[in-house]
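My notebook is open and I have a few spots to look up.

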Amino acid sequence: RVVGMGVRVQCRDDVRGVNFKEFFEKAKFTLWWLPEVNNMCRLRVQESAGVGVDGGLNFNFMLEGKQVGCPEADIALSLNQDPRYANLVAVASPFSEGAFRFEGAFWPAHYLSFRAPATLRM
(Lines give C-alpha, C1' and ligand atoms only; values in the text may rest on other atoms or scores of the structure.)
Protein backbone atom coordinates (compact mmCIF):
# COMPACT_ATOMS: atom_id res chain seq x y z
CA ARG A 1 0.00 0.00 0.00
CA VAL A 2 1.03 3.58 -0.60
CA VAL A 3 1.82 5.38 2.66
CA GLY A 4 3.08 8.91 2.07
CA MET A 5 5.92 8.57 -0.45
CA GLY A 6 6.66 5.00 0.55
CA VAL A 7 5.24 1.52 0.13
CA ARG A 8 4.19 -0.70 3.04
CA VAL A 9 3.00 -4.30 3.13
CA GLN A 10 -0.18 -4.17 5.22
CA CYS A 11 -3.32 -6.14 5.87
CA ARG A 12 -6.61 -4.41 6.60
CA ASP A 13 -6.22 -5.12 10.34
CA ASP A 14 -3.02 -3.02 10.31
CA VAL A 15 -4.94 0.08 9.22
CA ARG A 16 -7.86 0.70 11.56
CA GLY A 17 -10.54 3.22 10.60
CA VAL A 18 -10.01 2.80 6.83
CA ASN A 19 -12.86 1.22 4.90
CA PHE A 20 -12.46 -1.48 2.24
CA LYS A 21 -12.56 0.91 -0.75
CA GLU A 22 -10.11 3.40 0.76
CA PHE A 23 -7.72 0.61 1.73
CA PHE A 24 -7.54 -0.91 -1.75
CA GLU A 25 -7.41 2.44 -3.60
CA LYS A 26 -3.91 2.79 -2.14
CA ALA A 27 -2.94 -0.82 -2.93
CA LYS A 28 -3.08 -0.83 -6.73
CA PHE A 29 0.04 -0.79 -8.87
CA THR A 30 0.74 -1.11 -12.59
CA LEU A 31 3.60 -2.33 -14.75
CA TRP A 32 4.95 -0.02 -17.44
CA TRP A 33 6.73 -2.24 -19.96
CA LEU A 34 9.88 -0.74 -21.48
CA PRO A 35 11.05 -1.62 -25.00
CA GLU A 36 14.83 -1.58 -24.38
CA VAL A 37 15.15 -5.10 -22.96
CA ASN A 38 12.80 -8.08 -22.88
CA ASN A 39 10.73 -8.03 -19.65
CA MET A 40 12.09 -4.63 -18.53
CA CYS A 41 9.50 -2.56 -16.69
CA ARG A 42 8.72 -0.01 -13.99
CA LEU A 43 6.29 -0.50 -11.11
CA ARG A 44 4.01 2.49 -10.67
CA VAL A 45 1.21 3.61 -8.37
CA GLN A 46 -1.97 3.09 -10.38
CA GLU A 47 -3.71 6.32 -9.36
CA SER A 48 -0.69 8.39 -10.47
CA ALA A 49 -0.16 6.66 -13.82
CA GLY A 50 -2.00 7.76 -16.93
CA VAL A 51 -3.36 4.94 -19.07
CA GLY A 52 -0.95 4.22 -21.92
CA VAL A 53 1.48 7.00 -21.02
CA ASP A 54 4.84 7.10 -19.29
CA GLY A 55 5.18 8.79 -15.91
CA GLY A 56 3.54 8.62 -12.52
CA LEU A 57 5.03 7.64 -9.18
CA ASN A 58 7.58 4.87 -9.75
CA PHE A 59 9.12 2.44 -7.29
CA ASN A 60 12.67 3.79 -6.82
CA PHE A 61 15.57 2.11 -5.07
CA MET A 62 18.62 4.17 -4.36
CA LEU A 63 21.46 1.67 -4.65
CA GLU A 64 24.84 3.35 -4.87
CA GLY A 65 28.37 2.25 -5.54
CA LYS A 66 29.53 -0.68 -7.59
CA GLN A 67 27.05 -3.27 -8.78
CA VAL A 68 28.66 -6.17 -6.94
CA GLY A 69 28.42 -6.26 -3.15
CA CYS A 70 26.39 -3.11 -2.60
CA PRO A 71 23.93 -3.08 0.27
CA GLU A 72 20.16 -3.20 0.12
CA ALA A 73 18.07 -0.12 -0.45
CA ASP A 74 14.67 1.10 0.67
CA ILE A 75 11.88 1.38 -1.87
CA ALA A 76 10.48 4.90 -2.20
CA LEU A 77 7.94 6.41 -4.56
CA SER A 78 9.24 9.11 -6.88
CA LEU A 79 8.65 10.81 -10.22
CA ASN A 80 12.30 9.95 -10.94
CA GLN A 81 12.61 7.80 -14.07
CA ASP A 82 16.39 7.36 -13.99
CA PRO A 83 16.81 3.82 -15.36
CA ARG A 84 19.45 2.98 -12.71
CA TYR A 85 16.90 3.46 -9.93
CA ALA A 86 13.49 2.76 -11.53
CA ASN A 87 13.95 0.01 -14.12
CA LEU A 88 13.28 -3.60 -13.20
CA VAL A 89 13.35 -6.87 -15.10
CA ALA A 90 10.60 -9.44 -14.53
CA VAL A 91 12.47 -12.74 -14.05
CA ALA A 92 10.90 -16.19 -13.72
CA SER A 93 11.00 -17.37 -10.12
CA PRO A 94 13.15 -20.42 -9.44
CA PHE A 95 10.92 -21.21 -6.45
CA SER A 96 7.33 -20.88 -7.71
CA GLU A 97 6.29 -22.15 -11.13
CA GLY A 98 4.55 -19.47 -13.18
CA ALA A 99 5.59 -16.67 -10.79
CA PHE A 100 7.95 -13.77 -11.41
CA ARG A 101 10.24 -11.67 -9.28
CA PHE A 102 11.67 -8.23 -10.01
CA GLU A 103 15.43 -7.71 -10.41
CA GLY A 104 17.08 -4.29 -10.62
CA ALA A 105 17.82 -3.80 -14.34
CA PHE A 106 21.26 -2.34 -13.61
CA TRP A 107 21.82 -4.23 -10.36
CA PRO A 108 22.26 -7.97 -11.00
CA ALA A 109 21.14 -10.23 -8.14
CA HIS A 110 19.24 -7.40 -6.39
CA TYR A 111 15.57 -8.35 -6.16
CA LEU A 112 12.49 -6.61 -4.82
CA SER A 113 11.80 -8.39 -1.53
CA PHE A 114 9.67 -8.26 1.60
CA ARG A 115 11.28 -7.52 4.95
CA ALA A 116 9.12 -8.18 8.00
CA PRO A 117 7.12 -6.65 9.41
CA ALA A 118 5.99 -4.35 6.58
CA THR A 119 8.72 -3.06 4.24
CA LEU A 120 9.93 -3.69 0.70
CA ARG A 121 13.65 -3.60 -0.08
CA MET A 122 15.88 -3.99 -3.12
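**The loop with S93.** I found S93 in the loop between β7 and β8 (100-104). Strands here are DSSP runs of E with at least two residues, numbered from the N terminus, and helices are runs of H or I with at least four. This is a predicted model, where local features need pLDDT of at least 70, side-chain atom pairs count only at pLDDT 80 or more, and totals for chains, interfaces and linings use all residues. Residues are numbered from 1 along each chain as its sequence is written, and side-chain values use heavy atoms, with hydrogens and water left out.

Is S93 buried or exposed? S93 counts as buried because its relative accessibility is 18%; buried means under 20% relative accessible area, exposed over 50%, and partly exposed in between, using a 1.4 Å probe on protein chains only. I then followed its side chain, which reaches the backbone nitrogen of F95 at 3.0 Å and that of S96 at 3.2 Å. Setting aside neighbours within four places in sequence, S93 is in contact (heavy atoms within 4.5 Å) with A99 and F100.

The protein chain averages 88, and 93% of the residues score at least 70.

**Another loop, A118.** A118 is in the loop between β10 (113-115) and β11 (119-121). A118 is buried because its relative accessible area is 8%. Leaving out neighbours within four places in sequence, I see A118 in contact with V7, R8 and V9. C11 is 107 residues from A118 in sequence, yet their C-alphas are 9.5 Å apart in space.

**Strands β5 and β6.** I counted 4 bridges joining β5 (residues 58-61) to β6, and the two run antiparallel. Strands pair if DSSP finds at least two bridges between them. F61 has I75 as its bridge partner in β6.

**The core.** Which residues have the most contacts inside the largest nonpolar core? They are F59, F61, I75, L77 and L88, in a core of 19 residues. β4 (40-45), β5, β6 and β7 each give two or more residues to this core, and β4 gives the largest share, 3 residues. A nonpolar core is a set of buried Ala, Val, Leu, Ile, Met, Phe, Trp, Tyr and Cys residues joined through side-chain atoms within 4.5 Å.

Note on methods: pLDDT is the predictor's confidence in each residue, from 0 to 100. A polar contact is a pair of N or O atoms within 3.5 Å; within protein, one must be able to donate a hydrogen and the other to accept it, and residues adjacent in sequence count only if both atoms are side-chain atoms.
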